[in-house]
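I opened this notebook to keep track of what I look up in one structure, entry by entry. The entries are written for a reader who comes to it new.

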Amino acid sequence: MNLKKHSLAVALGIAVLAVAAVLVFFNLSGASVQESARDLGHDSQAPEPMGGRMMGRETGKMGTDNRMRQGTAGETFIPYNAEQALPAKNTEHVKLADGQTFLLEAGVIKKELGGKPFYLYAYNRQVPGPILEVEQGSKLSVEFKNELGQPTTVHWHGLRLKNENDGVPGVTQEEVKPGETFRYELEFPDEGAYWYHPHAREELQQELGLYGVILVEPKNTVYYNAVNREEVLVLDDLLLKEGELYPFFKSTTNFAAMGRYGNQPFVNGEFQYRLSLKKGEVVRFYLLNAANVRPFQFAIEELKLKVVGGDSGKYAEEFLADDVTIAPSERYIAEVQFEKPGKYRILNRNPVEEHVLGEITVTEEETEKAFSFSEPKENEEIVEGMEAFRKYFGQPVDFEYVLTIDIPGAMPMDMMMEHGEDGIEWEDSMFGMNRISTNESLTWLLKDPKTGKKNMDIKHQVKKGQVFKIRLENEEDSLHPMQHPIHLHGARFLVLETDGNKNENLVWKDTVLVPIGRSVELLTYFPNEGEWMLHCHIAEHLGSGMMASIEAA
């Protein structure tokens with residue numbers, strides 16, 4: 001796709017037209033758009049971008065007037081009681097046996113970051129939450145308690161479990177109110193890396209630190225290549241203004257247009273991630289993107305990544321790469337050999353900017369046990385395991401969804417926006433409009449092109465165990481085209497095609513990134529009965545309606 005211009009009713013980078021553009025874009029000609037200087041600092045510009053400098057501008061402290069207006073009032077608020085905050089703890093690895101019960105609590109913590117205190121949300125006082133290590137085929141009970149000041153749930157992302165444990169409020173369970181508990185019964189049929197996070201006010205709760213990783217150890221003890229160590233890297237970012245967390249709206253989702261792009265790297269719960277290794281070590285990294293919207297183009301400078309796995313286990317064939325693009329909620333498993341001593345920066349090396357996420361120091365001391373960093377290989381057992389599904393590869397598509405947006409009253413303007421050939425918005429290029437857009441002024445859509453139905457009005461049904469195809473098409477000429485990472489609950493799928501081109505290297509996934517103007521075809525099935533969600537995993541898009549469901553009976 002060549003560089004294309006798309007109509008957008010927004011003034012981009014032109015201060016004189018900024019207010020007029022917002023009024024037209026959101027049909028707010030009769031409403032007051034006010035931004036208190038105390039709310040947003042002494043200027044109306046975006047916070048410092050997430051580039052070479054690790055922090056935004058430090059020109060003053062965010063005020064406490066806490067009122068913004070956009071059509072209907074959007075009241076900002078502090079989503080915690082500082083007096084109830086507990087000291088943060090380091091993330092723990094917790095090995096859990098079959099049949100064990102684990103206690104998980106969501107609460108408010110006080111954590112030192114960049115030399116100053118931040119109030120965040122956390123599971124068991126840890127950001128990221130405890131890394132749960134379980135064996136494939138095992139079962140686990142989780143006794144969850146909500147000590148936040150607002151309702152929440154826990155979604156067990158990527159797990160194929162019974163529907164009543166999926167954590168979707170209003171569908172599989174009621175919200176867990178403050179002070180209440182809920183018991184989840186988990187099962188782990190698939191090896192790989194999974195995670196857990198809220199499915200209520202995700203754009204706020206997940207942004208503030210509610211997420212954790214689950215590592216499912218394969219039954220096959222030689223499933224992975226031999227390595228010296230394993231490391232979990234949870235990639236995230238925070239949006240700061242003058243050293244403070246940028247405000248949230250109390251009853252609506254802000255940053256609804258593009259999502260809350262951060263300007264501060266936040267890897268494994270730290271502003272400055274560091275790792276020390278011995279010379280010669282081979283490390284297997286489990287990579288998770290827990291950001292609200294930002295796609296990461298992950299790289300370790302000067303080194304190749306051997307990509308061995310994705311969301312739900314290994315690729316059919318390993319491959320070498322300089323970097324790998326990780327959309328929100330996606331996981332990758334990559335192995336890296338550190339042959340020479342020195343310092344290696346961990347980078348988000350996207351086409352627009354290069355962000356430093358952390359640093360790895362390799363010492364002169366040699367590792368006690370040297371493992372060979374073999375050439376990429378075909379994983380025959382993965383290929384064989386997919387054979388039973390090949391007879392379905394050529395079947396017609398069962399369900400189609402168009403990814404688009406509805407902005408009531410929006411009118412075309414001469415302001416234009418350009419998207420690159422990859423169809424991805426790597427950075428927030430229209431912060432002024434994005435920050436006051438809400439789920440009341442726009443709706444992100446999954447649309448059935450055959451019936452015209454949208455989001456939760458789409459009622460598709462399949463039988464339990466039925467293999468079926470989904471086609472996702474990201475509309476290129478919508479009022480605001482943008483990439484969408486689409487997640488399917490309760491199942492895993494194969495991405496068979498992108499833009500009609502067959503995918504020759506398959507891996508089981510639960511999330512797929514659909515760039516602007518692109519289409520993908522998925523093959524999947526539900527092993528359990530129930531109503532299962534299909535939604536965009538940009539948290540603000542989910543909060544703005546971009547979710548449908550499929551019933552398995």
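What follows are my entries on a sheet, some salt bridges, a pocket and a few single residues.

**Ground rules.** I am working with a predicted model, in which local features need pLDDT of at least 70 and side-chain atom pairs count only at pLDDT 80 or more, while totals for chains, interfaces and linings use all residues. Residues are numbered from 1 along each chain as its sequence is written, and side-chain values use heavy atoms, with hydrogens and water left out.

**Entry: the sheet.** I looked up an open sheet of 6 strands and noted its order as β31-β29-β33-β38-β35-β36, with mixed pairing. Its edge strands are β31 (443–447) and β36 (501–502), each of which pairs on one side only. Strands here are DSSP runs of E with at least two residues, helices are runs of H or I with at least four, and both are numbered from the N terminus; two strands pair if DSSP finds at least two bridges between them. Strand β29 (residues 399–406) runs antiparallel to β31 and is joined to β31 by 5 bridges, and I found Asp406 opposite Thr443 in β31.

**Entry: Thr524, in the sheet.** I placed Thr524 in strand β38 and noted that Thr524 is buried, at a relative accessible area of 2%. I use buried for under 20% relative accessible area, exposed for over 50% and partly exposed for what lies in between, with a 1.4 Å probe and protein chains only. The side chain of Thr524 reaches the backbone oxygen of Arg492 at 2.8 Å, which I count as a polar contact (a pair of N or O atoms within 3.5 Å; within protein, one must be able to donate a hydrogen and the other to accept it, and residues adjacent in sequence count only if both atoms are side-chain atoms). Not counting residues up to four places away in sequence, Thr524 touches, among others, Gln466, Phe468, Leu488 and Phe493, where contact means heavy atoms within 4.5 Å.

**Entry: salt bridges.** How many salt bridges does the structure hold? I noted 36 of them, a salt bridge being a side-chain nitrogen of Lys or Arg within 4 Å of a carboxyl oxygen of Asp or Glu. One of them joins the side chains of Lys314 and Glu381 at 2.6 Å, N to O. This pair links distant parts of the chain, since Lys314 is in strand β24 (residues 313–321) and Glu381 in helix α4 (residues 380–386), 67 residues apart. Lys314 is buried at 4%, whereas Glu381 is partly exposed at 36%.

I also looked at Arg518 and Asp499, whose side chains meet in a salt bridge of 3.7 Å, N to O. Arg518 lies in the loop between β37 (511–514) and β38 (519–525) and Asp499 in the loop between β35 (492–498) and β36, so the pair ties together parts that are 19 residues apart in sequence. Arg518 counts as buried at 19%, and Asp499 as partly exposed at 37%. Asp311, Glu330, Arg331, Lys509 and Asp510 are linked in a network of salt bridges.

**Entry: the second largest pocket.** I noted a volume of about 570 Å³ for the second largest pocket. Of the 22 residues that line this pocket, Tyr315, Glu330, Tyr332, Thr498 and Leu513 are the closest to its centre. Strand β24 gives the most to the lining, with 3 residues.A pocket is found on a 1 Å grid over the protein atoms alone, as an open set of points where a 1.4 Å probe fits, with protein on both sides within 12 Å along at least five of seven lines, and lining residues have an atom within 4 Å of a point. The volume is the space filled by probe spheres set on the points, which are joined across faces, edges and corners.

**Entry: Asn350.** I found Asn350 in the loop between β27 (342–349) and β28 (354–366), buried at a relative accessible area of 7%. The side chain of Asn350 reaches the backbone nitrogen of Val352 at 2.7 Å, and a polar contact of 3.2 Å joins the side chains of Asn350 and Glu427.

**Entry: His537.** Is His537 buried or exposed? At 1% relative accessibility, I count His537 as buried, in the loop between β39 (530–536) and α6 (539–542). The side chains of His537 and His197 are joined by a polar contact of 3.4 Å. Leaving aside neighbours within four places in sequence, the residues in contact with His537 include His157, Trp195, Glu202 and His487.
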